[in-house]
Amino acid sequence: EHLPRPAQHRPCVPPRLKQDTLLGVIPQRFLVAIKRRRCILPNAVLHLRSSRQRLIMRDTLYDGRPFRTLNIIDEGNREGLRIECGSSISSLRLVRVMQELVEVYGKPEAIRLDNGPEMTSHTFVDWARDQGIWLMFIQPGKPNQNAFIERFNRSFRTEVLDACLFDSVDQVQAQADAWLTD
């Protein structure tokens, strides 16, 4: 078969990310698919060397008050980097947590995230653009495009949130920190 010439079709990979920055060798069929569709196939090629995933979970305390957790992992080695707990997690808090992670672990090339209001806010998007971090939003209703964090969240829910009854957000944060260091 005749494959399209690279000059005719541009892949939708940002210019600062080159093929050699991706882990491993990308099979030619995936590169051709990217060139044809002019979009990124999240579960085909996006295992970036320094990429992070994040998702916000919701649960309730023993007295019925809701709380949320912001879970952040490194996509390359699937290490849990941070779990931030609070009654609400604003975009300013998200930026503060991300800035702390950049200072400790360095700046990632990309971040894979869902379409929550905190993550699509102008504050966070502007921060990521200023830092030169590429934001990869998953498609709505497609959690399998964020599979590593979904697996992490399931483990966190079964081993921490479902295993304990919490009276305060501080207790949740202490238990989450202990679980991350184990």
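Helix axes are lines fitted to C-alpha atoms over the stretch in contact, and their angles run from 0 to 180 degrees between N-to-C directions. Keep that in mind for what follows. The model is predicted.

## Helices H3 and H4

Helix H3 covers residues 91-105. Its axis and that of H4 come within 8 Å and cross at roughly 25°. Angles under 35 degrees count as roughly parallel, so H3 and H4 are roughly parallel to each other. The crossing of H3 past H4 is right-handed.

Which residues make the contact? H3 supplies Ser 91, Leu 92, Leu 94, Val 95, Met 98, Gln 99 and Val 102. H4 supplies Thr 123, Phe 124, Trp 127 and Gln 131. By class, the contact of H3 with H4 has seven nonpolar residues, four polar ones and no charged ones.

## Strands S4 and S5

Strand S4 spans residues 110-113, and strand S5 spans residues 134-137. They pair in the parallel sense over four bridges. Ala 110 has Trp 134 in S5 as its bridge partner.

How does the chain get from S4 to S5? The path runs through H4, residues 122-131. This β-α-β crossover is right-handed.

## Helices H5 and H6

Helix H5 holds residues 147-161, and helix H6 holds residues 169-181. Their axes come within 11 Å and cross at roughly 120°. That angle makes H5 oblique to H6. H5 passes H6 in a right-handed crossing.

On the H5 side, the contact involves Phe 152, Ser 155, Phe 156, Glu 159, Val 160 and Leu 161. They meet Val 172, Gln 175, Ala 176, Trp 179 and Leu 180 of H6. The contact of H5 with H6 divides into eight nonpolar residues, two polar and one charged.

Conventions
Residues are numbered from 1 along each chain as its sequence is written. This is a predicted model: local features need pLDDT of at least 70, side-chain atom pairs count only at pLDDT 80 or more; totals for chains, interfaces and linings use all residues. Side-chain values use heavy atoms; hydrogens and water are left out. Two strands pair if DSSP finds at least two bridges between them. Helices (H or I, at least four residues) and strands (E, at least two) are DSSP runs, numbered from the N terminus. A crossover is right-handed if, with the strands pointing away from the viewer, the path from the first strand over the helix to the second runs clockwise. Angles under 35 degrees count as roughly parallel, over 145 as roughly antiparallel, 65 to 115 as roughly perpendicular and the rest as oblique. A crossing is left-handed if the near helix is turned anticlockwise from the far one by less than a right angle, and right-handed if clockwise. Contact means heavy atoms within 4.5 Å. Ala, Val, Leu, Ile, Met, Phe, Trp, Tyr, Cys and Pro count as nonpolar, Asp, Glu, Lys and Arg as charged, and the others, Gly among them, as polar.
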